[in-house]
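Reader: I would like to go through a structure step by step. Please show it to me before we start.

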2 protein chains.
Amino acid sequence: MADSAAPRNARAVARAELTRAILDSASTQLAQVGPAALSVRAVARDLGMASSAVYRYFPSRDALLTALLIEAYDDLGESVEQADSRVRDRADVAARWHALCHAVRDWARAQPHRYALLYGSPVPGYAAPDDTVASATRVTTALLTLLSDAQAMGRTPVATLPLSEEEREAVVPVRSFTDPVLDDAWVVRGLAAWATLFGNLSLELFGHMHRGILDYDAHFQQLVDQVAADLGLA
Amino acid sequence: MADSAAPRNARAVARAELTRAILDSASTQLAQVGPAALSVRAVARDLGMASSAVYRYFPSRDALLTALLIEAYDDLGESVEQADSRVRDRADVAARWHALCHAVRDWARAQPHRYALLYGSPVPGYAAPDDTVASATRVTTALLTLLSDAQAMGRTPVATLPLSEEEREAVVPVRSFTDPVLDDAWVVRGLAAWATLFGNLSLELFGHMHRGILDYDAHFQQLVDQVAADLGLA
DNA sequence: TCAGCATAGAGAGCAGTGCTCTCTCTCACC
DNA sequence: GGTGAGAGAGAGCACTGCTCTCTATGCTGA
């Protein structure tokens, strides 16, 4: 982490490589056994080194988990950003919304353990340090930018309730995140869309749709369409 | 679990009581350290018995977790059912919706660890047995019943997209859950409301609204109002 | 009534965990 | 070339889930 500077000598190179190897091994193990069972000793075994040596690179198991967390956030963030930017017609906000939603879902379904690490129960007794914030915000940033673009194009969400003064106060950081700032209706519908998207994903990936929904793909498609309509994107 | 029959003799009584005590101690510990760190030995210590003796009551740590899971589902289910039934005017579906939403959130905020156990990342390497299904369904049942009642009263959700044949197929179990069955629009809006409610709760409780929303209560109030409006309940 | 047996608990033990401490070796810099 | 920082190994501590064996006790059928 701290050694992001260009390696100058053999020792620094070795350190960077081994750090990378530890992260890769840990990531593989994470995908197999989940965050709770991630074991420093197992990583060390995998790399053929003593477990105590791993502590030269990550001061604790939680620090290793945090590194994996940041990597996962960045990986997801990049997937979403790329999906968004692949929509060539930047004015087609509906297409961008669909691309964003499916990018998140595809990423999550491909590696449910990493999704669970990001959006599932927080690892108990451990608060994500501030390092994670920048990476964690990428998806939300992409979403808010999309909404801001849509607003700039004159789109309007469908029938949205007016905000009380208290409610408007509550969402100030969201409103003032983009430039120009979002109107009330966009903030309301945007936050609802955010909750709906991740709520659906969590319910799906964590098994709560078992026996309730027969075809997750079709249902997700429908949900994304409906939210797009509510956002006035279509 | 299996000893739900009325205790007949001293041994059965003692067994029932100790089973209860183990669950209580485990529940307390769960609230303090989270599911991953729930320790059979700590429970045994708390009760002043050998750890091996606990295994006479629960065959494994996972079985103990499952029992806690079922209890939590039932506890939440009962809270929601009671909140719903406390609305005296059964025709006031908007009030019932608000009661339901706030019951879930109040319960979750009062015991976030239990909420995480139910709606957070599934405990890895462990699939919830069928015993949990009945308890897990109570909240969803309350919600679907509410929607069915609203439909029976002639309410209609706002502008809802039509379903393709594929999409209609995907949600068959949900539609046919209530009697009479739900119309397409109710299924669509109902599932979206479900995802929005739990999505918002998870994002809030798992820390994703940190620095984004200043007043969680006000924002939740607003969200519930908006979804109620979309459902055509207001 | 009482022998026999299922049940309950204790304790030791195994294999695993996170993490620390000490020891040794080696690389890099002055 | 000497010196000190960095890196790895290994032992060890306190903990975990779980199993096995041993003993005590309450219940039950003859």
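What follows is a set of questions and answers on a predicted model.

Reader: How many residues surround DNA strand C?

Author: A residue counts here if one of its heavy atoms lies within 4 Å of the strand. The closest are R41(A), R61(A), A50(B), R56(B) and Y57(B). The number of residues around DNA strand C is 24.

Reader: How many residues of the surface near DNA strand C are charged?

Author: The surface divides by class. Nine of its residues are nonpolar and seven are polar. The charged residues number eight.

Reader: Which residue has a base oxygen of DNA strand C 3.4 Å from an N or O atom in its side chain?

Author: Start with the phosphate oxygens. A backbone N or O atom of V40(A) lies 2.7 Å from one. A polar side-chain atom of R15(B) lies 2.9 Å from a phosphate oxygen. The base oxygen is 3.4 Å from the side chain of R41(B).

Reader: What percentage of the atoms of DNA strand C within 4 Å of the protein belong to sugar or phosphate?

Author: These atoms fall into two groups. Bases supply the rest, once sugar and phosphate are set apart. The sugar or phosphate share is 46%.

Reader: Is Q29(B) buried or exposed?

Author: Q29(B) sits in helix α1 of chain B. Leaving out residues up to four places away in sequence, Q29(B) touches G34(B), A37(B), L38(B), S39(B), A42(B) and V43(B). The cut-off for burial is under 20% relative accessible area. Q29(B) has 11% relative accessibility, so it is buried.

Methods: Residues are numbered from 1 along each chain as its sequence is written. Chains are lettered from A and ligands numbered from 1 in the order in which they are written. This is a predicted model: local features need pLDDT of at least 70, side-chain atom pairs count only at pLDDT 80 or more; totals for chains, interfaces and linings use all residues. Side-chain values use heavy atoms; hydrogens and water are left out. A polar contact is a pair of N or O atoms within 3.5 Å; within protein, one must be able to donate a hydrogen and the other to accept it, and residues adjacent in sequence count only if both atoms are side-chain atoms. Ala, Val, Leu, Ile, Met, Phe, Trp, Tyr, Cys and Pro count as nonpolar, Asp, Glu, Lys and Arg as charged, and the others, Gly among them, as polar. Helices (H or I, at least four residues) and strands (E, at least two) are DSSP runs, numbered from the N terminus. Buried means under 20% relative accessible area, exposed over 50%, partly exposed in between (1.4 Å probe, protein chains only). Contact means heavy atoms within 4.5 Å.
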